[in-house]
Amino acid sequence: MAESDVARVARWVREADVVTALTGAGISTESGIPDFRGPAGVWTKDPAAARLFDFDAYVADPQVRVAVWQRRLEHAAWTARPNAGHRALVDLERSGRLLDIVTQNIDGLHQAAGSDPDRVLEVHGSLHTVVCLSCGRRTPMADTLARLEAGEEDPTCLTCGGILKSGTISFGQPLDPAVWRASVRAAAACDVLLVVGSSLQVHPVASLCEVAKDAGARLVILNAESTPYDRLADAVLAGPIGQVLPALVGSAATTRS
Ligand code: NAD
């Protein structure tokens, strides 16, 4: 009988010394956090919402900041719990194979699931911190959420009065160079790059697929919809992530001696 695609990828994972995961919003939809571009995505339903993720608009327009902070206050991440997909990557880490999780997600669910925080590279930052765009001071998001709940609509830095923003990377904002360098290293050092729940439309993150392939790794894409990198991939699986990812790494986690 022919080996199924899932069995073939599970074997690659089992045989690998080093796996790097590249995760996107799709791994968290089963935790109740909508993605951007999937069928029920935030931008699919409301294309105008994309403006709220533009850095220049955020800095220039107080109304954009008010709308963004309202969304922050109501964000699904505050009540979301990790799902089977996040937990599968914890299992992979415990099997000794997972090098790093390069995540585009800002929700902190990999860490909440039990992944080593030092191995979670948040290329697009985190929702759990707030940064002052003037003095650079970082504070916990919980402090700012409390001010929003108390009625402030566009809270400013308590130290210098500057504009506050969540510690996430908007379009037009540079990535943290150290986090990006570590992400490139992780993509170049693996035997298998496991892309999970990303449309691979955001750059430069999507280019990590090429980094991994150029370094000789197998590229596996687990995503419900097609991506621009499917042609480069050694295997493309459609999910759902919460079922397929445990199947891919479950056997690896138990058979490594
Ligand atoms: P995206 O919205 O562009 O793509 C997500 C992909 O995941 C879609 O193609 C969708 O079909 C697929 N998907 C969704 N649920 C799935 C499932 N259960 N099984 C299989 N596939 C599934 O997301 P992206 O590529 O990560 O890029 C968008 C940007 O959005 C990122 O920069 C990220 O920072 C940000 N974002 C983050 C979160 C989060 O932290 N949870 C949520 C929304 C957006």
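Where is Pro 240 found? Pro 240 sits in the loop between strand S9 (235–237) and helix H10 (241–255). Helices (H or I, at least four residues) and strands (E, at least two) are DSSP runs, numbered from the N terminus.

Hi everyone, a word on the model before we go on. This is a predicted model, in which local features need pLDDT of at least 70, side-chain atom pairs count only at pLDDT 80 or more, and totals for chains, interfaces and linings use all residues. Residues are numbered from 1 along each chain as its sequence is written, and side-chain values use heavy atoms, with hydrogens and water left out.

Another cis bond runs from His 203 to Pro 204, with omega near 10°. Pro 204 belongs to the loop between strand S7 (192–196) and helix H9 (208–214). Leu 200 is also found in the loop between S7 and H9, and Leu 200 has a positive phi of about 55° although it is not a glycine.

Now, the ligand. There are 28 residues around the ligand, and Arg 37, Gln 104, His 124, Ser 199 and Glu 225 come nearest; here, "near" asks for a heavy atom within 4 Å. By class, this shell holds eleven nonpolar, twelve polar and five charged residues. For those classes, Ala, Val, Leu, Ile, Met, Phe, Trp, Tyr, Cys and Pro count as nonpolar, Asp, Glu, Lys and Arg as charged, and the others, Gly among them, as polar.

Let's look at individual atoms. An N or O atom in the side chain of Thr 29 is 2.8 Å from a nitrogen atom of the ligand. For Glu 30, a polar side-chain atom lies 2.7 Å from a ligand nitrogen atom. At Ile 106, a polar backbone atom is 2.8 Å from an oxygen atom of the ligand. The protein buries 93% of the 860 Å² that the ligand exposes when taken alone (Shrake-Rupley method, 1.4 Å probe).

Conventions: Polar contact = N/O pair within 3.5 Å; in protein donor to acceptor, adjacent residues only side chain to side chain.
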